[in-house]
Amino acid sequence: MVMEGDTPRMHGGNPDIRAMHVRRDHVTIEDNWHVLGLRGTSSNTVQVDRAFVPDELAPSPFAPSRIDRTLYRIPVFAVAACGGAAVCLGIAQGAIDDLLEIARTKTSIRGPEPLAALPTTHTTVAEADVRLRAARHELHRALDVLTDTAAAQCPAQMTDRARLRAAMTLAARTAREVTLQMFELGSSSAIFDSCPLSRRARDVLVAAQHVMLQPIWYEQAGRVQFGLEPTLPII
């Protein structure tokens, strides 16, 4: 925000919202994103000090939307949180693709045949692929239900919101398991930084660890199935 000393510039007794911005000296970025995976996001802690924020620029995520369009009729946490599940699914799909390429030339103690020629590899990859596609399909289906409801200008039903939460958790947990399966299939090749499976494994462990994707959302979805109110407000 534009400041004069520590006081916001006023026009007609109200802050000049059009001119507001946060000055660089109000912002401190703590270099503390030293983590196992997803290092490229640079998700450091950002602190803002002495910056006045008017009510008009500080809406509650629980407040009704001011924009009457399909996207904005969907509960904000449903929109914001599903992206994490999509990231996990993408990592897992990349891990399958990486393994298919590595297995063409990678051999094992079993003999000279590459991993791509082994029945155990075929079984593991096929199972992982269908589980991942099933989890992705359920996530899309749950999102489609909420989107169709919003497009019809109807309020989102709690059962549909709960099923989306369960679908997001399923997607993240399945993606985590599939990625680690591919990492194990890659054997000793996968432990090197130069192997893409190494980064896939680290990234999915971090992504699936997010609170929005934890098994606690199964519990919340189960409560709704029994006709009980969820104990967490952001479902």
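1. The structure under review is a predicted model. In this model, helix H3 passes helix H4 in a left-handed crossing. The residues that make up the contact of H3 with H4 fall into 18 nonpolar, five polar and eight charged.

2. The geometry of this pair can be stated further. H3 covers residues 119-151 and H4 covers residues 158-185, and their axes come within 9 Å of each other, crossing at roughly 160°. An angle over 145 degrees counts as roughly antiparallel, and H3 and H4 are therefore described as roughly antiparallel to each other.

3. H4 also packs against helix H2. The axes of H2 and H4 lie 8 Å apart, at an angle of about 20°. Since angles under 35 degrees count as roughly parallel, this angle makes H2 roughly parallel to H4. The crossing of H2 and H4 is left-handed.

4. A further helix pair involves H2 and H5. The axes of these two helices come within 9 Å and cross at roughly 160°. H2 and H5 are therefore roughly antiparallel to each other. As for handedness, H2 passes H5 in a left-handed crossing.

5. Sorted by class, the lining of the largest pocket holds 17 nonpolar, two polar and four charged residues.

6. Which helices each supply at least two residues of the lining of the largest pocket? They are helix H1, residues 70-73, and helix H2, residues 76-102. The largest share of this lining comes from H2, which contributes four residues.

7. The second largest pocket holds about 210 Å³ of space. Its lining consists of 14 residues, with Leu38, Gly84, Ala207, His210 and Leu213 nearest its centre. By class, this lining comprises nine nonpolar and five polar residues, and no charged residues.

8. H2 and helix H5, the latter spanning residues 196-207, each supply at least two residues of its lining. H2 gives the most to this lining, with five residues. The two helices named here are those described above as roughly antiparallel, a consequence of their crossing angle. H2 likewise gives the largest share of the lining of the largest pocket.

9. Strand E7, residues 107-108, pairs with strand E8, residues 111-114, in the antiparallel sense over two bridges. A hairpin of two residues joins E7 to E8. Within this pairing, threonine 107 stands opposite proline 114 in E8.

Note on methods
Residues numbered from 1 in each chain as written. Predicted model: local features only at pLDDT ≥ 70, side-chain atom pairs only at ≥ 80, totals over all residues. Heavy atoms only, no water. Axes fitted to C-alpha atoms, helices over the stretch in contact; angles between N-to-C directions. Parallel < 35°, antiparallel > 145°, perpendicular 65-115°, else oblique. Left-handed = near helix turned anticlockwise from the far one by under 90°. Nonpolar A, V, L, I, M, F, W, Y, C, P; charged D, E, K, R; others polar. 1 Å grid on protein atoms, 1.4 Å probe; cavity = no way out; pocket = protein on both sides within 12 Å on 5 of 7 lines; lining within 4 Å. Points joined across faces, edges and corners; volume = space filled by probe spheres on them. Pairing = 2+ DSSP bridges.
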